[in-house]
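Open the model in your viewer and keep the selection tool at hand. Each stop below says what to select and what is there.

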Amino acid sequence: ALALPLLQSLHALQVGGRGKEGDDRKAWLCYWLCFVAGSWFVHYFEWLLSIPFFVLSFCFDIYYEVQLLIVLYLVCPKFMGIRQVLQAIESNTHRIGPVLTENLKALSTVTSGMISSLRTPKQ
């Protein structure tokens with residue numbers, strides 16, 4: 001999950017340019033963002049992801065093999081599944097953008113209220 005994507009990312013940065021090389025940089029940037037988000041999600045919600053595999057573990061244990069297959073699908077040059085993920089994200093930005101903006105505004109309102117309540121001296 002780290003070595004091949006790191007090498008491919010460095011190669012895409014060294015080549016530079018427009019066209020396919022620019023698409024490669026965008027795809028690898030998307031990979032690293034998905035890697036961080038996926039690592040965070042797995043860290044906090046692995047218990048939720050492992051429930052179906054717990055049921056399957058009575059016959060055979062394939063939890064880590066499935067994780068490995070997903071990563072190989074995303075980064076293997078033959079499949080480059082990360083490009084399909086990137087296309088799905090780009091085609092749905094008109095739906096994601098307004099929801100994200102609304103949630104960020106609500107989050108900023110809540111955090112500014114919390115910060116202002118911390119600044120007021122207690123008597």
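Buried means under 20% relative accessible area, exposed means over 50%, and partly exposed lies in between (1.4 Å probe, protein chains only). This is a predicted model, in which local features need pLDDT of at least 70, side-chain atom pairs count only at pLDDT 80 or more, and totals for chains, interfaces and linings use all residues. Residues are numbered from 1 along each chain as its sequence is written, and side-chain values use heavy atoms, with hydrogens and water left out.

**Stop 1: Met-80**

Select Met-80. It sits in the loop between helix 3 and helix 4. Helices here are DSSP runs (H or I, at least four residues), numbered from the N terminus. Is Met-80 buried or exposed? Met-80 is buried, at a relative accessible area of 10%. Check its backbone too: phi is positive, about 45°, although Met-80 is not a glycine.

**Stop 2**

**Stop 3: Trp-28 and Ser-9**

Centre on Trp-28. Contact means heavy atoms within 4.5 Å. Set aside neighbours within four places in sequence, and Trp-28 is in contact with Pro-5, Gln-8, Ser-9, Ala-12, Val-75 and Met-80. Now move to one of these partners, Ser-9. Ser-9 belongs to helix 1 (residues 3-15). Ser-9 is buried, with a relative accessible area of 9%. Leaving out residues up to four places away in sequence, Ser-9 touches Trp-28 and Trp-32.

**Stop 4: the salt bridges**

Side chains of opposite charge can pair when their charged atoms come close. The rule used here asks for a side-chain nitrogen of Lys or Arg within 4 Å of a carboxyl oxygen of Asp or Glu. How many salt bridges does this rule give? The count is two.

Select Asp-24 and Arg-83. Their side chains form a salt bridge, 2.2 Å from N to O. Asp-24 lies in helix 2 (residues 20-56) and Arg-83 in helix 4 (residues 81-91), so the pair ties together parts 59 residues apart in sequence. Asp-24 is buried, at 17% relative accessibility. Arg-83 is partly exposed, at 30%. Show the contacts of Asp-24 as well: not counting residues up to four places away in sequence, Asp-24 touches Ala-12 and Arg-83.

Go on to Lys-26 and Glu-90. The closest N and O atoms of this salt bridge are 3.0 Å apart. This pair also links distant parts of the chain, with Lys-26 in helix 2 and Glu-90 in helix 4, 64 residues apart. Lys-26 is partly exposed at 40% relative accessibility, and Glu-90 is partly exposed at 38%.

**Stop 5: helix 4 against helix 5**

Two packed helices are described by the angle between their axes and the distance between the axes. Axes are lines fitted to C-alpha atoms, for helices over the stretch in contact, with angles from 0 to 180 degrees between N-to-C directions. Select helix 4 and helix 5 (residues 93-119). Their axes come within 5 Å and cross at roughly 65°. Helix 4 and helix 5 are therefore roughly perpendicular, a label that covers 65 to 115 degrees. Zoom in on the contact: Ile-89, Glu-90 and Ser-91 of helix 4 meet Thr-93, His-94 and Ile-96 of helix 5.

**Stop 6: Val-55**

Finish at Val-55, in helix 2. Val-55 is exposed, with a relative accessible area of 53%. Draw a distance from Val-55 to Leu-4. The two are 51 residues apart in sequence and 32 Å apart in space, C-alpha to C-alpha.

Notes. Helices (H or I, at least four residues) and strands (E, at least two) are DSSP runs, numbered from the N terminus. Angles under 35 degrees count as roughly parallel, over 145 as roughly antiparallel, 65 to 115 as roughly perpendicular and the rest as oblique.
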